[in-house]
Amino acid sequence: MLAGLTGCFATEDGRPTVVVTTNILGDITREVVGDEAEVKVLMKPNADPHSFGVSAAEAAQIESADLVVYNGLGLEENVLRHVEAAKEADVPTLGVAREVHPLSYRTDKTAGQPDPHFWTDPSRVRTAVRLIGDAVAEHVDGVDKSAVKEQATAYGKQIGQLDTWMEQRFETIPKSRRKLVTNHHVFGYLARRFDFQVVGTVIPSGTTLASPSAADMEALTTTIEKAGVKAIFADSSQPDRLARALKKESDVEVAVIPLFSESLTEKGKGAATYLQMMRANTKSIVRGLAKS
């Protein structure tokens, strides 16, 4: 939802500033904005959106931006209070996750709560691209609105092509094998879009800040054995100790495969952009599930 009326900060070259909380949304926003404004991304590569924080200077940037783009629905747990402060200071803000028809968690400790991890569904990201373009054109003074619209349209087409490519690749996985076990609840949107079943998670929560109990681990081990799951997908930016411990406890042969789930990487590290991240993940999922 958009809030606020006017921004008041520009860079030294006179361009307005759009502040973005997460690096995934930062990449998407840069594609939409182009050179029309300075895009400042708060979350560093390989950081955890649930736990990263901001400095006093960065908090000041949020409150003086021309537009703040944030994920919302509780994702940036240590940053959202600064976004709220910006709203109170009449800075325009866009909470993207709430505007793309969010899903709710269906199981475990977070059942019924809204799921903020919408970016694993490229069709929702395409909606986000349009929303960001509209917000920039409406609230950021000095941008070329037609240029922003053209850039949003062009990038939206790339997202649509990604969506089609992912669907085609996932079709190589038999439906009986489309079962996911991940570190925590992060792929619900991908599961809904591409007809996967999330069998369980190592951490039975929507945040990496939670911890599994011994009972949680035992229950998930039983689920994996009954479902015949062949792979556990662990976040590449998080230690996979828990996933490997679960693999050790299970009687079935289970591979531990890293995915880029909640953060982009530095350039050259496999997932420096949203498009790279989703293509890399798709290939990893297909590799882990398509064959016996």
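Helices and strands here are DSSP runs, numbered from the N terminus, and a strand has at least two residues. The model is predicted.

**Exercise 1. Find the element that gives most to the lining of the second largest cavity, and describe that cavity.**

Step 1. Start with the volume. The second largest cavity holds about 40 Å³ of space.

Step 2. List the lining. Its residues are Thr182, Asn183, His184, Val186, Phe187, Phe233, Ala234, Asp235 and Ser261.

Step 3. Strand β8 covers residues 231–235 and supplies three of the lining residues, the largest share.

Step 4. Sort by class. Four residues of this lining are nonpolar, four are polar and one is charged.

**Exercise 2. State how many cavities of 30 Å³ or more the structure holds, then describe the largest.**

Step 1. Count. There are two cavities of 30 Å³ or more.

Step 2. Thr22, Ile24, Leu25, Ile28, Asn71, Leu75, Phe118, Trp119 and Glu262 line the largest cavity.

Step 3. Sort by class. That lining has six nonpolar residues, two polar and one charged.

**Exercise 3. Work out which helix gives the most to the lining of the second largest pocket.**

Step 1. Give the volume. The second largest pocket has about 250 Å³ of space.

Step 2. List the lining. It consists of Asn23, Gly26, Asp27, Arg30, Val41, Met43, Lys44, Pro45, Leu264, Thr265, Lys267 and Ala272.

Step 3. Compare with the helix range. Helix α1 spans residues 23–33 and gives the most, with four residues.

Step 4. Sort by class. Five lining residues of this pocket are nonpolar, three are polar and four are charged.

**Exercise 4. Decide how α5 runs relative to α9: roughly parallel or roughly antiparallel?**

Step 1. Recall what to look for. Two packed helices are described by the angle between their axes and the distance between the axes.

Step 2. Read both values. The axes of α5 (residues 145–170) and α9 (residues 274–289) come within 10 Å and cross at roughly 5 degrees.

Step 3. Apply the cut-off. Angles under 35 degrees count as roughly parallel, so α5 is roughly parallel to α9.

Step 4. Look at the contact. From α5, the residues include Tyr155, Leu162 and Trp165. From α9, they include Leu275, Met278 and Ile285.

Step 5. Sort by class. The contact of α5 with α9 has eleven nonpolar, two polar and three charged residues.

**Exercise 5. Explain why Asp134 and Arg130 are separated by about one helical turn.**

Step 1. Find the link. Their side chains meet in a salt bridge, at 3.8 Å from N to O. The structure holds eight salt bridges.

Step 2. Check the spacing. Asp134 and Arg130 lie about one turn apart because they are four residues apart in helix α4 (residues 122–139).

Technical notes:
Residues are numbered from 1 along each chain as its sequence is written. This is a predicted model: local features need pLDDT of at least 70, side-chain atom pairs count only at pLDDT 80 or more; totals for chains, interfaces and linings use all residues. Side-chain values use heavy atoms; hydrogens and water are left out. On a 1 Å grid over the protein atoms alone, a cavity is a set of points where a 1.4 Å probe fits but cannot get out, and a pocket is an open set with protein on both sides within 12 Å along at least five of seven lines; lining residues have an atom within 4 Å of a point. Grid points are joined across faces, edges and corners, and a volume is the space filled by probe spheres set on the points. Ala, Val, Leu, Ile, Met, Phe, Trp, Tyr, Cys and Pro count as nonpolar, Asp, Glu, Lys and Arg as charged, and the others, Gly among them, as polar. Axes are lines fitted to C-alpha atoms, for helices over the stretch in contact, and angles run from 0 to 180 degrees between N-to-C directions. Angles under 35 degrees count as roughly parallel, over 145 as roughly antiparallel, 65 to 115 as roughly perpendicular and the rest as oblique. Contact means heavy atoms within 4.5 Å. A salt bridge is a side-chain nitrogen of Lys or Arg within 4 Å of a carboxyl oxygen of Asp or Glu.
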